[in-house]
Amino acid sequence: SNERFVSKAANISFCGLYNHHFTWSDWIELPGNTPLPPALAEQDATTDTVWGKYSPAEIWNRRDDRVTLDVNVMADARSRRWVANIYSYFKDNVEFEQFRLRYTYNNVADDSVTPLDLTGFSFNIESTGRGHGMFRFNRVDESYYVTTYTEVYILDKEFIPVSEAKKREKNKPRGDEIGIYPPPQAPPLQDDVERLVARVEAIRHDEVRTALEADRRLAGANTYRHTFGSEVFKRIKQMFGIDYLVGEKKQARRWDNFRKGQVRKNQRNGVAR
């Protein structure tokens with residue numbers, strides 16, 4: 001067969017019950033083929049540092065066929081190439097206070113590292129803001145902080161033809177079809193993390209959703225009986241963009257009323273602002 005073979009890791013989104021992501025994990029992708037610094041390509045035991053504007057941006061370390069790489073994304077704009085999926089958030093009113101990654105490669109034989117050599121990676125991200133307004137989870141207009149620390153271990157690799165990879169992209173697996181298997185080399189979770197996991201797993205999501213009273217303002221207007229005249233009038237309004245302008249104003253008014261209602265609710269439940 002003349003088909004090229006590819007290896008690809010699917011990012012799993014754990015937001016099936018919510019419209020928002022609560023960590024940055026979904027945006028960290030596997031790095032592509034990356035050339036080694038000249039010092040590492042020529043020697044079997046050495047360290048090389050790539051400096052950013054004010055501090056080290058990349059620290060490469062090689063011991064025989066094992067390579068580790070530490071990346072400080074905040075040290076230099078060029079380091080953002082390691083996190084291309086998150087690049088747009090640097091311009092979207094999100095203040096990153098810390099953004100570090102570590103990659104571990106084994107069996108490195110050439111003058112570059114590839115996803116096939118990757119055995120694991122981790123990242124530590126701290127940010128103010130999340131790219132979405134989340135005042136339904138926090139107090140209205142208060143800033144919120146997101147801290148993400150994740151360790152990823154490569155347990156197995158599967159090679160598939162490009163044609164099959166395209167089919168899988170069109171039929172992505174759901175969250176309940178994917179298993180999470182902790183590798184034996186992973187360190188045990190801390191006690192406070194274990195307690196947090198137990199709390200989350202004990203949540204009965206169906207009961208939480210059914211206990212919430214639906215807000216009619218967010219469900220849309222009442223439906224009306226359509227006649228020939230109303231349909232003609234509707235088409236005329238669409239031609240001149242009247243429906244769009246009226247819809248925008250109604251949506252803005254409903255959203256403003258909803259926000260003010262949340263402010264009053266937070267003031268009743270907490271300290272008045």
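Reader: Hi! How many salt bridges turn up in the whole structure?

Author: Hello! A search of the whole predicted model finds five salt bridges.

Reader: Let's take Asp 70. Which side chain does Asp 70 meet in a salt bridge?

Author: That would be Arg 102, with an N to O distance of 2.7 Å.

Reader: Nice. What is the relative accessible area of Arg 102? And of Asp 70?

Author: Arg 102 has 39%, which makes it partly exposed. Asp 70 is partly exposed too, at 24%.

Reader: Switching to the helix, then. What does Arg 259 form a salt bridge with?

Author: Its partner is Asp 256, and the closest N and O atoms are 3.5 Å apart. Both residues belong to helix α6 (residues 242–269), where three residues, about one turn of the helix, separate them.

Reader: How accessible are Arg 259, Asp 256 and Lys 260?

Author: Arg 259 counts as partly exposed at 27% relative accessibility. Asp 256 is partly exposed at 26%, and Lys 260 is partly exposed at 40%.

Reader: Back to the strands, please. In what order do they form the open sheet?

Author: The order of the six strands is β3-β4-β5-β6-β8-β9, with antiparallel pairing.

Reader: Which strands stand at the edges?

Author: Those are β3 (45–51) and β9 (145–153). Each has a single partner strand, so one side of each has no neighbour in the sheet.

Reader: And what does the twist average from one strand to the next?

Author: The average is 5°.

Reader: One last topic: over how many bridges do β6 and β8 pair?

Author: Strand β8 (residues 118–128) and β6 pair over ten bridges, in the antiparallel sense. As one example, Glu 95 has Thr 128 in β8 as its bridge partner.

Conventions. Residues are numbered from 1 along each chain as its sequence is written. This is a predicted model: local features need pLDDT of at least 70, side-chain atom pairs count only at pLDDT 80 or more; totals for chains, interfaces and linings use all residues. Side-chain values use heavy atoms; hydrogens and water are left out. A salt bridge is a side-chain nitrogen of Lys or Arg within 4 Å of a carboxyl oxygen of Asp or Glu. Buried means under 20% relative accessible area, exposed over 50%, partly exposed in between (1.4 Å probe, protein chains only). Helices (H or I, at least four residues) and strands (E, at least two) are DSSP runs, numbered from the N terminus. Two strands pair if DSSP finds at least two bridges between them. Axes are lines fitted to C-alpha atoms, for helices over the stretch in contact, and angles run from 0 to 180 degrees between N-to-C directions.
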